[in-house]
Amino acid sequence: MRADIPSIKISVFDRNSEYIKEIAYGIEEEGIPYEITEENFYDITEKAFEISQDSRLSVGIAVNSEEAVIHFSKLKKDKPLFILRLQGTETGRLRIYGSNAARLIKGIPFK
């Protein structure tokens with residue numbers, strides 16, 4: 001993804017995770033660009049907040065093996081928009097989660 005294109009920033013531990021693929025599909029369905037980077041981080045909420053600050057669309061998603069966090073740059077660092085526990089989560093719910101991140105940008109109601 002080109003750096004000059006506004007996009008949702010996504011930071012993941014494992015780029016090949018099925019979780020991230022489903023979340024990305026939900027974002028794609030809404031027509032919003034995203035950029036995935038693989039990196040290590042300790043605090044998932046802090047990472048989501050950090051990348052929301054770097055995103056020109058003000059939305060960051062951090063994903064590890066246990067949960068996914070959506071953060072919006074205008075929220076307090078310790079108050080993310082959504083936290084989703086990943087273990088046992090249906091793929092349809094993961095897509096809705098990605099879709100809702102995109103809908104935040106579009107200004108339309110969440111699913």
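This briefing covers the fold, surface and strand pairing of one protein. The model is predicted. The protein has three helices and five strands. From the N terminus, the order of elements is β-α-β-α-β-β-β-α. The radius of gyration is 12 Å, close to the 13 Å that the globule rule gives for 111 residues, so the protein is as compact as a globular protein of that length.

**Overall dimensions and packing**

- Along the principal axes, the C-alpha atoms fill a box of roughly 35 × 30 × 25 Å.
- Of the 111 residues in the protein, 46% are buried.
- Among contacts with a separation of 6 or more, 55% are between residues 24 or more positions apart.

**Surface and charge**

- The protein exposes about 6200 Å². Carbon and sulfur atoms supply 48% of that area.
- There are 16 positive and 18 negative side chains.
- The centres of these two sets of charges lie 6 Å apart.

**Strand S4 and its partners**

- Strand S4 spans residues 67-72 and is mostly covered. Five of its six residues are buried.
- S4 pairs with strand S3, residues 59-63, through five bridges. The two strands run antiparallel.
- A hairpin of three residues joins S3 to S4.
- Val59 has Phe72 in S4 as its bridge partner.
- S4 also pairs with strand S5, residues 82-85, through four bridges. S4 and S5 run antiparallel.
- Ile70 has Phe82 in S5 as its bridge partner.

Terms used:
Residues numbered from 1 in each chain as written. Predicted model: local features only at pLDDT ≥ 70, side-chain atom pairs only at ≥ 80, totals over all residues. Heavy atoms only, no water. Rg over C-alpha atoms; globule rule 2.2 N^0.38 Å. Buried < 20%, exposed > 50% of the residue type's maximum accessible area, 1.4 Å probe, protein only. Contact = heavy atoms within 4.5 Å. Areas by Shrake-Rupley, 256 points an atom, 1.4 Å probe, with all protein chains shown as cover. Lys, Arg positive; Asp, Glu negative; His and termini not counted. Charge placed at Lys NZ, Arg CZ, Asp CG, Glu CD. Pairing = 2+ DSSP bridges.
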